[in-house]
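Please look at the sequence and the structure first, and then follow the text from one topic to the next.

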Amino acid sequence: MEPLVAVILVGVPLAWLVGFAAYAYVDAPKHGMNPRKWALISFAVPLFGFLAYVFERDELDYDPETDPYAGGDDGRTGGFAVHESRQGEKRLGLAGTEADDDDADDEWDDPDGVDL
């Protein structure tokens, strides 16, 4: 086998694996993760191991303060967000008609005469 072909077929993929492992090893402590474990996974499982590290790292960065869909006291309840331009408008009832204000305390929006 020609040396150049051997370098291309073996050396380039090996360099990519070493690069993925090195990146995982350097970046993992910044996110509170075990650097040796993730470097080994990134090296031993080609491409999928590195992608698993990247997606697992993002999961650890969740901040409910910046999540627009987390429940809060600004008109959002239970993960249901109302756009700022639509806040304060009347609710719609069945078939697009305006909802009665006396049903405002009805949390399930069940039919009249039925209280579930």
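## The nonpolar core

A nonpolar core is a set of buried Ala, Val, Leu, Ile, Met, Phe, Trp, Tyr and Cys residues that are joined through side-chain atoms within 4.5 Å. In this model, which is predicted, the largest nonpolar core has eight residues, namely Phe20, Ala24, Ala28, Met33, Trp38, Phe50, Tyr53 and Val54. Two or more residues of this core come from each of two elements, helix H1 (3–27) and helix H3 (48–59), and H3 gives the most, with three residues.

## Confidence in the model

Across the protein the pLDDT averages 77, and 59% of the residues score at least 70. Among the elements, the highest mean pLDDT, 95, belongs to H2, whereas H3 has the lowest, 87.

## Aromatic pairs

The structure holds five aromatic pairs. One of them is formed by Tyr23 and Phe50, whose rings are 5.9 Å apart from centre to centre, with 70 degrees between the planes, an arrangement that is edge-to-face. Because Tyr23 lies in helix H1 and Phe50 in helix H3, this pair ties together parts that are 27 residues apart in sequence.

Trp38 and Tyr53 form a pair that is tilted, because their ring centres are 5.8 Å apart and their planes stand at 50 degrees. This pair also links distant parts of the chain, since Trp38 belongs to helix H2 (residues 35–44) and Tyr53 to helix H3, 15 residues apart. Trp38 counts as buried at 11% relative accessibility, and Tyr53 is buried as well, with a relative accessible area of 0%. Ring pairs also link Trp16, Phe20, Tyr23, Trp38, Phe50 and Tyr53 into a cluster.

Asp27 has its place in helix H1. Is this residue, Asp27, buried or exposed? Its relative accessible area is 8%, and because the cut-off for buried is under 20%, Asp27 counts as buried.

The side chains of Asp27 and His31 are joined by a polar contact of 3.5 Å.

Although Gly32 and Arg57 are 25 residues apart in sequence, their C-alpha atoms are 8.9 Å apart in space.

Pro13, for its part, is found in helix H1 and is partly exposed, with a relative accessible area of 39%.

Notes. Residues are numbered from 1 along each chain as its sequence is written. This is a predicted model: local features need pLDDT of at least 70, side-chain atom pairs count only at pLDDT 80 or more; totals for chains, interfaces and linings use all residues. Side-chain values use heavy atoms; hydrogens and water are left out. Buried means under 20% relative accessible area, exposed over 50%, partly exposed in between (1.4 Å probe, protein chains only). Helices (H or I, at least four residues) and strands (E, at least two) are DSSP runs, numbered from the N terminus. Rings of Phe, Tyr and Trp (its six-membered ring) pair if their centres lie within 6.5 Å; planes under 30 degrees apart count as stacked, over 60 as edge-to-face and the rest as tilted. pLDDT is the predictor's confidence in each residue, from 0 to 100. A polar contact is a pair of N or O atoms within 3.5 Å; within protein, one must be able to donate a hydrogen and the other to accept it, and residues adjacent in sequence count only if both atoms are side-chain atoms.
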